[in-house]
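Colleague: I am new to reading protein models. Could you walk me through a few features, one at a time?

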Amino acid sequence: MKYIIPKLTLILCILCLVLCTAGCGVAERHADLANKALQEADYVSFVENLQVEDADLASGVASSLAKTISFANAEAEITEQRSGGGKTGSTISYDLTLTLPDLPELDPTLLGSDYPEIDWTNVSREGYSRTLYESFTAALTELLSAGECPTRTTTLTVTMTWEGGKWQATLDEVLLRSLFRELMTESTDLFDDYRLAGDYLSVVAAERVNKAIAAETRYPIIFSNTTVTKLVGFDDGSYEITLNTLDYVELIPSVTDKAYQDYKADNPDGVYAPPGEEIALALLKSAMDSVTYSPVLVEITLTSEDEKAETICDLIASLIDEQLAIEAEELIDKIRNNLIIESASEPRTQYYGTSNSKTGIPLKIYTPKGYDSHYFKIYDASNGELALRVYVREGDSITVYLPAGSYRIRYGTGKTWYGSEHLFGPEGQYVRFEQVIKMQKNNRYTLTLYQNSDANMEANPIAYDSF
């Protein structure tokens, strides 16, 4: 027995030495394994089915965020928890402090103010959002890499299991997944703040305005040459917009000239009265669609007080309407000064042609008082030739003499006489007697022009151009 005791003592000493050797550096190795497991977690899979702006770019954000997550004091915490005892055997669990980026506390302005430039004439919120998200991803990655993001901490359990002659680290993945998804949601919220600090609202408004301008049909020559050059959108849906558009102040006078020339071509013999404002505006609008004009662009700034993009089109159209109203007066004056057929002095009651009292048969024409003056054309019914013309003033009468024969009569009447070429103008009344008047020798004939139930002549109106 005297030899056994020393042997046991030696064995125990050797065992204690082995245990001591095995315990030395375990905390460090466990800390390394915990951080390695943290770094190797499949964070990209954690964001699957998460509603993010762009799935591909979200993976980039996820990778950047993953690099900032760590057990900063893992070795010290493991050492402290091991020293408490009780955590021995093939499985050991540690509660480690996990450091995460504190995105809600991050000032979005730290991500920079170099927002992507915008092509206002061909802008879409979808395309701009992706471009902006790329810019946001790059800025956030740079900020995280520089370690300038605020941080927060939470506790995550790491389990060490002895398998196959080595320790394996397992994270509380359910909690880690939940934390990371929350982090990604916070990054999305941060992106919204970043986006709204830029021109996103302006892009949304510009997209609507561009579509409204493209669909506008009131003044094609104006709106087809109108483009957005800058738009500032506000939270309440209103916006201030800068546009390049045709210099309609310079354009419309040339439109007036075109409208005048078109009107003159349609009325080569002149007119008796200028057109009214409504017709003048229609003439200008018609001319605007066909005028040949070298575009001169001017920049204008308009403010919409609501979010309806069509409001900007209404504002532009109202400016053109105002200018057209001015030009309509100019057009009317130009027509009045150049195309009006002047009224002529009213002739006395008389005839034009041959009237022989010695050989002819008398025809008395009488216009009662209160009736307008009348102008007659008497045609030979046998050959259709004009036999005589007669002008009879209001309340007057005249007797003319015609050879025996058959005659057709028509007359015009009106308040204003424009001469033998234009007669009473288109506003006068023009009539044709349907019966043929047969004039025989030794008879006298009277033609009285007034409404009478005993009338024995049928009269029907005819067009001014047919008189």
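**Reading the model, step by step**

Modeller: Start with helix α7. Its buried residues are Leu-176, Leu-179, Phe-180, Leu-183, Met-184, Glu-186, Ser-187, Thr-188, Leu-190, Phe-191, Tyr-194 and Arg-195. Keep in mind that this is a predicted model.

Colleague: How should I read a list of positions in a helix?

Modeller: Think of turns. An α-helix has 3.6 residues a turn, so residues three or four places apart point the same way. In α7, the buried set includes Leu-176, Leu-179 and Leu-183.

Colleague: How many residues does α7 have, and what span does α7 reach?

Modeller: Helix α7 covers residues 173-196, which is 24 residues. From its first C-alpha to its last it reaches 34 Å, close to the 34 Å expected at 1.5 Å a residue.

Colleague: Now sheets. What holds the strands together?

Modeller: Strands of a sheet pair through backbone hydrogen bonds, either parallel or antiparallel. Here, three strands form an open sheet in the order β1-β2-β3, and the pairing is antiparallel. The edge strands, β1 (91-101) and β3 (166-171), each pair on one side only. On average, neighbouring strands of this sheet are turned by 30° against each other, direction ignored.

Colleague: How many bridges join β1 to β2?

Modeller: Eleven bridges join β1 to β2 (residues 151-163). As one example, Thr-91 has Thr-161 in β2 as its bridge partner.

Colleague: Which helix packs on the sheet?

Modeller: Helix α2 (residues 26-39) does, touching β1, β2 and β3. Its direction makes about 45° with that of β3.

Colleague: And when two helices pack together?

Modeller: Two packed helices are described by the angle between their axes and the distance between the axes. Take α11 (residues 277-290) and α12 (residues 310-338): their axes come within 9 Å and cross at roughly 110°. That makes α11 roughly perpendicular to α12. The crossing is right-handed. Residues in the contact include Leu-281, Leu-284 and Met-288 of α11, and Leu-324, Ala-328 and Leu-331 of α12.

Colleague: Last, the backbone. Which phi value does Leu-423 have?

Modeller: Phi of Leu-423 is near 55°, a positive value in a residue other than glycine. Leu-423 sits in the loop between β12 (405-414) and β13 (429-433). Asn-442 also has a positive phi, near 65°. Its loop lies between β14 (437-439) and β15 (445-448).

Colleague: Is Leu-423 buried or exposed? And Asn-442, buried or exposed?

Modeller: Leu-423 is buried, because its relative accessible area is 6%. Asn-442 is exposed, with a relative accessible area of 81%.

Definitions and conventions. Residues numbered from 1 in each chain as written. Predicted model: local features only at pLDDT ≥ 70, side-chain atom pairs only at ≥ 80, totals over all residues. Heavy atoms only, no water. Helix = DSSP H or I, 4+ residues; strand = E, 2+ residues; numbered from the N terminus. Buried < 20%, exposed > 50% of the residue type's maximum accessible area, 1.4 Å probe, protein only. Pairing = 2+ DSSP bridges. Axes fitted to C-alpha atoms, helices over the stretch in contact; angles between N-to-C directions. Contact = heavy atoms within 4.5 Å. Expected span 1.5 Å × (residues − 1). Parallel < 35°, antiparallel > 145°, perpendicular 65-115°, else oblique. Left-handed = near helix turned anticlockwise from the far one by under 90°.
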